[in-house]
Every structure is written in C-alpha cells, then in structure tokens.
Amino acid sequence: MSTKIVCYDEIMTQEHAWQEAVQVSLGNKAEINAFFEATKPSEIFFIGCTSPFYAGTVASAFWKAETGTPARAMPSSELVMFPSLYYTGPKSKPVLIALSRSGKTTETIWAMEEFERCFPGRSVLIGCNPAGKLAEMAHLKLFLPESDEKTIPQTRSFGSMLITSLMMAAHQSGNLEAIEMLKTAPAKASAILKNGEATIKALFEKKQYRNIFILGGGFFYGIAMEAALKCMEMSSTDAFSFTFMESRHGPRSLVDENSLVVGLYSRSGLHYEAQVMDELTQKHKATTLAITPAAGWETGNVTASVNLNHDWPDNLSGILNLPPLQLVAYYCAVSKGLNPDVARMHTQFVEIKRF
C-alpha cells in the first residue's frame, strides 16, 4: 500500500497521548474533587456513541467497584429515546459523564441538553475538542487535545479518555495504588506495542480471516466490544465480541479454520478461559491469539500469545489490552489491501436531524 497510513502512527504514539491524560487528571485533581464533593452523586451515568460508550462501559464498572456508587454506561441515543429506563426517580442525584472525541455528535449533545435541564450543573465532559457544543454545556470539562486523531477510527483518544475516567474514580476512592499504576500506563503502552507487534503482524501474513472474535469478560468486556468495532471499521471484516463462556453457545457455530479468535485473559478467569481457547483451537481449527497478563500464563494450546507483563488487578488492567488489539485491526486491514484510516461509510463524528 503506497498511501501513507496515519492511524499506524496514532497507534504507535499512544504513550504521548496517554501521558496527556495522566497529566490532565493530576493537574485537575482539585477541580475534580470539588465537583464531586459539591454534587455528591447517588449514581453515575456514562454516555457516548460506540467507542466512547464502550470506554464508559469499562469506566463505569471500575467506578462502581472503587467508590461503591452505582454507575452504568449507555449509548447517548438510548438515554434520549428511553429515559425511563435509566432515570431512577425524582430523589435521584445523578452525575452525567459524557465521553466524546469531537464534542459534536448529535445524540450526545441531545442527551446532555436534556440531562442539564433536569439536573443543572451536574455534567462532565471528557473529550478532545474544547470548541464543540458539548463544551458549552458541561459543568466540569477535561480536555485532551493532543490525543485527538486525524483519522476516523478512534485509537489513542479512546485510551486517553478511559485513563482520565479511571483516574477520576481513583481520586474519589483515594486509591493511591491505582493512581500510581495508571501513571505508568503510558510507558507500558509503548513496551506492549514493541513486544507484541511482530507476533500480530505474522498472524496476518499467514492468511486472511473471514471473521474475527474478541473474547473478554467482566471488566474486559467493554474492551472486547471496542476491539471488535475497530476490526469492523478499519478492515470491513465481520467481527464479534463475547465473553469466553458465551462463545461456547451460539457464537461458536461461526468459528472455523477461517476465523481468528483473540482472548483477553484475566486473573478471575484463570483455567476457564484457557479451556475455551483450547477448544476453539483444537476442535474448531481457528487461529487463536492469547493476550495474557504475564509470561507463562495458562492459555490452552493457542496459535500465538502476547504477554502484557503487568501485575495489575482485573478491574484496572483492561486498558493495557488496547494497544495490541488496535494492531490486530490495523494489520487485518493491511492484509486485505485496505486503508485503515478511512472507515467505510463513516465520518469523524455523526450528525442526525432531530424531530
């Protein structure tokens, strides 16, 4: 492919973007703490569209585990069209956290507009664009302009928004250990990319795949959904996300020798995840890639593995799976002769007319 591919550079420069997120989170700690002290939320809503929604799924799980405050994520459009499913009653005191790269996506704008009408001064924006419409409405704003991408698929901005969300929760819970871990995430991203690239590239030099499955459970499920989306966007490949055990039911009817299955291994799923991947490798003849927390991890008899080399707990470590998963999507596109900078039928943000 002769055209320069920009998203490869955006993936490989993740350390700088993630460092911006760490600095913004630490630099705004007093403002963050003052906002949550003033609002005293009874629950937290994370909203966004596709990638930001998936980031919110990961962040809300961590927030609930860390602070004990009920937290959940929903697509922005769902909060607009089906509010009764999410608003719990007149005595509720929610805080809304919107994740948006552009700050211009119409569904997220609508959701924040309606939320601010009901609960003024209780919204947060984490994004890359200080000039977007969302920036005019949000009460607390955390901007990551250097994490933005020139390309359509979100890569480094996803990680930066997620790190900011995780550090916000860690600030509220007083989890200094988690904050120290997240401060090391930028350097870990570079090491993971360097360690895993050759293995991932070789899988796509071997063959093209009819479909791709990303398996991840618990705190990793939002990451699995995001990875499947990246494969769809960059390579126009059928891609699916499931938890490990759910893949053994209906989904495995589509897994065969033309499938790539990527497993995001967890500490909680030790032994079980390896059994699933072994079955998909041996019985279904799929090509399988294990992404593991540490070397020597029990994986089953998989085709290849990438070691993330960390000792983080499951509720925090999902983010470290992002860099190799983005390389999976990138090399899938390249193997098909496609330009991963340009997602088919996509634009950098989505607008729709409201009735």
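Is Arg 72 buried, exposed or partly exposed? In this predicted model, Arg 72 is partly exposed, with a relative accessible area of 28%. The residue belongs to strand E2, which spans residues 71–75. Its side chain meets that of Glu 43 in a salt bridge, with N and O 3.9 Å apart. This pair links distant parts of the chain. Glu 43 sits in strand E1, 29 residues away from Arg 72. Glu 43 counts as buried, because its relative accessibility is 7% and the limit for burial is 20%.

The structure holds 10 salt bridges in total. A second one joins Arg 252 and Glu 279, with an N to O distance of 3.5 Å. Arg 252 is partly exposed, at 30% relative accessible area. Glu 279 is buried, at 13%.

Glu 226 pairs with Lys 230, and the closest N and O atoms are 2.6 Å apart. Both residues lie in helix H11. They are four residues apart, about one turn of the helix. Glu 226 is buried, and Lys 230 is buried as well. The pair is also part of a network of salt bridges that links Glu 226, Lys 230 and Glu 233.

Side chains of opposite charge can pair when their charged atoms come close. Glu 20 presents another case. This residue is placed in helix H2, residues 14–27. Glu 20 is buried but has no salt bridge. The nearest side chain of opposite charge belongs to Arg 156, 7.5 Å away. A salt bridge requires a nitrogen to oxygen distance within 4 Å. The side chain of Glu 20 does have a polar partner: a contact of 2.6 Å joins it to the side chain of Ser 147.

Helix H2 also contains Ser 25. Ser 25 is buried, with a relative accessible area of 1%. Ser 25 and Ala 187 are 162 residues apart in sequence. Their C-alpha atoms are 17 Å apart in space.

Thr 292 is another buried residue, at 3% relative accessible area. It is found in strand E9, residues 287–292. A polar atom of the Thr 292 side chain lies 3.1 Å from the backbone oxygen of Ala 294.

Arg 122 lies in the loop between helix H6 (106–118) and strand E4 (123–127). What is the accessibility of Arg 122? Its relative accessible area is 12%, so Arg 122 is buried. Arg 122 and Gly 89 are 33 residues apart in sequence and 16 Å apart in space, C-alpha to C-alpha.

Backbone geometry draws attention to two loop residues. Lys 40 has a phi near 40°, a positive value in a residue other than glycine. Its loop runs between helix H3 (29–39) and strand E1 (43–48). Lys 40 is exposed, with a relative accessible area of 53%. Ser 236 likewise is not a glycine, yet has a positive phi of about 50°. Its loop runs between helix H11 (221–235) and strand E7 (238–242). Ser 236 is partly exposed, at 41% relative accessible area.

How many cavities of 30 Å³ or more does a search of the whole structure find? The search finds one. About 30 Å³ of space lies in the largest cavity. Which residues line this cavity? The lining is formed by Val 58, Leu 162, Leu 166, Phe 219, Asp 314, Asn 315, Leu 316, Ser 317, Gly 318 and Ile 319. By class, six of these are nonpolar, three are polar and one is charged. Helix H8 (156–173) and helix H13 (314–317) each supply at least two lining residues. H13 gives the most, with four residues.

How values were computed
Residues are numbered from 1 along each chain as its sequence is written. This is a predicted model: local features need pLDDT of at least 70, side-chain atom pairs count only at pLDDT 80 or more; totals for chains, interfaces and linings use all residues. Side-chain values use heavy atoms; hydrogens and water are left out. On a 1 Å grid over the protein atoms alone, a cavity is a set of points where a 1.4 Å probe fits but cannot get out, and a pocket is an open set with protein on both sides within 12 Å along at least five of seven lines; lining residues have an atom within 4 Å of a point. Grid points are joined across faces, edges and corners, and a volume is the space filled by probe spheres set on the points. Ala, Val, Leu, Ile, Met, Phe, Trp, Tyr, Cys and Pro count as nonpolar, Asp, Glu, Lys and Arg as charged, and the others, Gly among them, as polar. Buried means under 20% relative accessible area, exposed over 50%, partly exposed in between (1.4 Å probe, protein chains only). Lys and Arg count as positive and Asp and Glu as negative; His and the chain ends are not counted. A polar contact is a pair of N or O atoms within 3.5 Å; within protein, one must be able to donate a hydrogen and the other to accept it, and residues adjacent in sequence count only if both atoms are side-chain atoms.
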